[in-house]
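Subject: Structure handover

Hello,

Here is the structure we spoke about handing over. Please open it alongside this message, as the notes refer to it throughout.

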Amino acid sequence: MDVYFENQTCGEDSASKKLTPHLIQKSFLWEDQEIQIPAVYLGETGIALDICAKISFEDMAAFLKKWNKALRLAMNDPQEYEQLAAENPGNAEILVKMSFDNSPLMRSMSSSMRWYPKRLFQLTEPDLNEAWGNDPQAEAWILEYGLDKECCWYLERAHYRWKDAPNLSPSRLSLVFQSGLRPITVGHFQTEAESCEIQVDADGENRKNKSILKTIKTIHPKTGQEYTLTLHKCEQARHSFQEPEQEDPELNEVALNEIKGAIYPEYCQILYYSVTPQIGREFFDICDCKAGEPVKNTGSDTRKTCVSAVIFAVKSPYPDLNAAVSSMHFSPVKNVEWRIVFNVKEKEDFNVQFPLNPFS
C-alpha cells in the first residue's frame with residue numbers, strides 16, 4: 001500500500017511525500033476493545049500511523065436494531081442526535097499521542113473510515129442489504145492488513161510531524177491512547193430573558209451578594225460527583241449579519257456573496273452561569289434543546305447560499321462566569337429550554353510501547 005504524508009486513508013500524492021512502510025503487526029486490548037497496529041510509515045516530511053480498532057458485531061447489531069432507519073429519518077431533536085452519536089459503537093474518536101525513542105511527535109491530521117460485514121445488514125436492516133457497500137479504501141485496508149472481513153472495524157490513519165530532525169531509524173515506538181469525550185445530557189431547565197441582572201462594582205468585579213436567578217443540583221453521570229449550577233443572568237441579544245462590508249472589511253468575495261444571498265437569524269438568548277465545584281469547560285456545557293432557524297435564501301441561485309445554520313459564540317464579560325448562547329432565531333427569544341451536558345471520557349489513557357527493528 002502506498003502511503004503519502006498528510007494524504008487521506010488512501011490515494012496518490014507527490015513522490016516527495018511518499019513514506020516508507022515499517023510493519024508493526026501488534027495487537028492488544030484497550031479495556032474491552034481489541035486494537036491492531038499493522039504499520040507505521042516514515043519519511044522526511046512526516047509520519048503516518050495506521051490504527052485498526054475492532055467494533056463488537058453484537059453491539060453494532062443491537063445499535064442498528066434500536067436506531068433503525070425509520071427512527072433515524074424521523075429525528076429532529078439535537079438531544080436525539082447526541083444520544084445517537086453517543087450510543088453508536090462505530091464512533092471511536094481515538095486520539096493517539098506518538099513518540100519515537102522518547103521524542104514526542106506533533107499530530108497534524110487524521111482521517112477515518114468504517115468496515116461493516118454484509119451480514120450485519122441482513123440481520124438488522126434487510127431493505128439496505130442489497131444497496132449496502134463498503135468504501136473501496138476500507139476494503140483495501142482489510143486485504144492489505146489481513147483483517148477479518150466478518151468483523152466490524154474502525155480504521156484510522158493519523159499523521160504526525162517531526163518536532164526536531166527526522167529520525168528515520170527509531171528503535172522504539174511509544175503510543176498513548178486517549179478516548180474522545182462523549183456528551184451526556186443529565187437534565188433540563190428553562191429561562192426567560194432579562195429576568196435577572198448582575199450587579200457589578202465600579203472596578204468591574206462582581207459583587208459577592210450578586211442576585212441569583214436559580215440554582216440547580218446535578219450529578220456527573222460517571223463519577224457520581226454532585227455539582228451546583230448557578231444561573232446569574234439571562235439577556236436577549238441580537239447580532240446583525242446584513243452588512244458584512246462594514247462589520248468586517250476583510251471578508252473575502254466568496255463569503256460576501258454567500259452572506260448577500262441570504263437572510264440570517266439574528267436573535268438569541270445569552271445565559272451567564274457558574275458551576276461549583278469548578279469543572280473545565282471542555283467537560284461541562286449548557287446547550288439549547290431546540291435547533292436554530294435555518295438561513296433563508298433570497299436569490300434565485302441557491303448555490304450562492306452555502307450556509308444552512310448559524311452558530312453564534314460569545315465570551316463572558318464577567319471573569320468568574322461562563323456564558324451559554326441559545327440557538328439563533330428571526331424573532332426575539334424570550335423562553336429557552338436548556339440541556340445540562342457532561343462531556344465524559346469513557347476510557348482511561350492507555351500506554352503501549354513496541355521495539356522497532358531496522359527497515360528491511
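Overall. Please keep in mind that this is a predicted model. The protein has eight helices and 18 strands. Of its 360 residues, 43% are buried. The accessible surface amounts to about 19,600 Å², and carbon and sulfur atoms account for 48% of that surface. If you take the contacts between residues at least 6 apart in sequence, 76% of them join residues at least 24 apart.

Confidence. The mean pLDDT is 83, and 80% of the residues reach 70 or more. Two stretches should be read with that score in mind. Over residues 195-210 the pLDDT is below 50, although the model gives this stretch 31 contacts beyond near neighbours in sequence. Residues 249-257 also have a pLDDT below 50; here the model shows seven contacts beyond near neighbours in sequence.

Strand 7 and its partners. Strand 7 covers residues 152-161, and nine of its ten residues are buried. Which strands pair with strand 7? One is strand 3, residues 47-55, and another is strand 6, residues 106-115. Strand 3 is joined to strand 7 by nine bridges in the antiparallel sense. Within that pairing, I51 faces E156 of strand 7. Strand 6 also runs antiparallel to strand 7, again with nine bridges, and there S110 stands opposite A158.

Four strands make up an open sheet, in the order 10-11-13-16. Is the pairing in this sheet parallel or antiparallel? It is antiparallel. As background, strands of a sheet pair through backbone hydrogen bonds. The edges are strand 10 (214-219) and strand 16 (322-325), each of which pairs on one side only. On average, neighbouring strands of the sheet are turned by 35° against each other, with direction ignored.

A residue pair to look for is T215, which stands opposite T230 in strand 11.

Regards

How values were computed:
Residues are numbered from 1 along each chain as its sequence is written. This is a predicted model: local features need pLDDT of at least 70, side-chain atom pairs count only at pLDDT 80 or more; totals for chains, interfaces and linings use all residues. Side-chain values use heavy atoms; hydrogens and water are left out. Helices (H or I, at least four residues) and strands (E, at least two) are DSSP runs, numbered from the N terminus. Buried means under 20% relative accessible area, exposed over 50%, partly exposed in between (1.4 Å probe, protein chains only). Contact means heavy atoms within 4.5 Å. Accessible areas come from the Shrake-Rupley method with a 1.4 Å probe; for residues, only the protein chains shown count as cover. pLDDT is the predictor's confidence in each residue, from 0 to 100. Two strands pair if DSSP finds at least two bridges between them. Axes are lines fitted to C-alpha atoms, for helices over the stretch in contact, and angles run from 0 to 180 degrees between N-to-C directions.
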